[in-house]
Amino acid sequence: MQLIVFFAAKQWAMNFVEVGVPLIIGIVMRKLKHKARAEREAAFNPPPPVDDPDSPPGGVAETAIAVDNEAAAAVDEVEEEMLHRERWENDYFLTTEEGLFGDYMELMLQFGFITIFACAFPMGPALALANN
C-alpha cells in the first residue's frame, strides 16, 4: 500500500505542484494586474473640476485636463513599450532559474525505488513510465 502511495499519489501531487500552482499564480497575478491598471486609470482620469462660469476661458479645468492627458500618455507609452518587447525579454521575467538538481534527484529516487521494490510492486515501473 505504501508503494502505491509513493508511485501514484506522490506523482500526482508533484505534477499538481509543477503545473497547477504556476497556473493558479498566473491567474491571480493577471487579476491583480488588471485591478492595478484600473486603479491607475481611475487615478489618471479623475472627473474634471468645474470652472466658475464667470472665470475667463483656459481656467483650472482645462489645465487639469491637459495635465491628466500628459500623464495618461506617459502611462500608455510605458505599456506600449512592454507590449513590443521581444518574446524572450518577457519570458525572462516569468520565473527564476531553479536548476535541474531537484529533477535529477527525483528521478534517481524513483529509479532506486523501482529497482528495490520491483518484485514487491510489479506495477511500479509502469507508473514511473507513465509519470515520465
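My entries follow, from the whole chain down to single residues.

**Ground rules**

I am working from a predicted model, where local features need pLDDT of at least 70, side-chain atom pairs count only at pLDDT 80 or more, and totals for chains, interfaces and linings use all residues. I number residues from 1 along each chain as its sequence is written, and side-chain values use heavy atoms, with hydrogens and water left out.

**Whole chain**

I started with the secondary structure and found 5 helices and 0 strands. Helices (H or I, at least four residues) and strands (E, at least two) are DSSP runs, numbered from the N terminus. Read from the N terminus, the order is α-α-α-α-α.

Next I checked burial, and buried residues are 13% of the 132 residues in the protein chain. For the cut-offs, buried is under 20% relative accessible area, exposed is over 50%, and partly exposed is in between (1.4 Å probe, protein chains only).

I then looked at contacts, meaning heavy atoms within 4.5 Å. Among those in the protein chain with a separation of 6 or more, 60% join residues 24 or more positions apart.

**The core**

Which residues make up the largest nonpolar core? I got 6 residues: L3, F6, F7, I114, F121 and A128. Helix α1 (residues 2–44) gives the largest share of this core, 3 residues. The term covers buried Ala, Val, Leu, Ile, Met, Phe, Trp, Tyr and Cys residues joined through side-chain atoms within 4.5 Å. In soluble globular proteins, nonpolar side chains tend to be buried together.

**α1 against α4**

I took this pair first. α1 and helix α4 (residues 101–117) pack at about 165 degrees, with axes 12 Å apart. I note that axes are lines fitted to C-alpha atoms, for helices over the stretch in contact, and angles run from 0 to 180 degrees between N-to-C directions. That angle makes α1 roughly antiparallel to α4. The scale I used: under 35 degrees is roughly parallel, over 145 roughly antiparallel, 65 to 115 roughly perpendicular and the rest oblique.

The crossing of α1 and α4 is left-handed. A crossing gets that label if the near helix is turned anticlockwise from the far one by less than a right angle, and right-handed if clockwise.

On the α1 side I listed L3, F6, F7, Q11 and E18, which meet D103, E106, Q110, F113, I114 and F117 in α4. By class, the contact of α1 with α4 has 6 nonpolar, 2 polar and 3 charged residues. In this sorting Ala, Val, Leu, Ile, Met, Phe, Trp, Tyr, Cys and Pro count as nonpolar, Asp, Glu, Lys and Arg as charged, and the others, Gly among them, as polar.

**α1 against α5**

The axes of α1 and helix α5 (residues 124–131) come within 10 Å and cross at roughly 10 degrees. α1 and α5 are therefore roughly parallel. I see F7, A8, Q11 and N15 in α1 meeting G124, L127 and N131 in α5. The contact of α1 with α5 divides into 3 nonpolar, 4 polar and no charged residues.

**α4 against α5**

Here too the axes come within 10 Å, and α4 and α5 cross at roughly 160 degrees. That makes α4 roughly antiparallel to α5, and the crossing is left-handed. The residues E106, Q110 and I114 in α4 meet G124, P125, A128 and N131 in α5. I sorted the contact of α4 with α5 into 3 nonpolar, 3 polar and 1 charged residues.

**Single residues**

Is Q110 buried or exposed? Q110, found in helix α4, is buried, with a relative accessible area of 5%. Not counting residues up to four places away in sequence, Q110 touches F7, Q11, A128, N131 and N132.

F117 also lies in helix α4 and is partly exposed, with a relative accessible area of 29%.

Last, I looked at A73 in helix α2 (residues 60–83). A73 counts as partly exposed at 42% relative accessibility.
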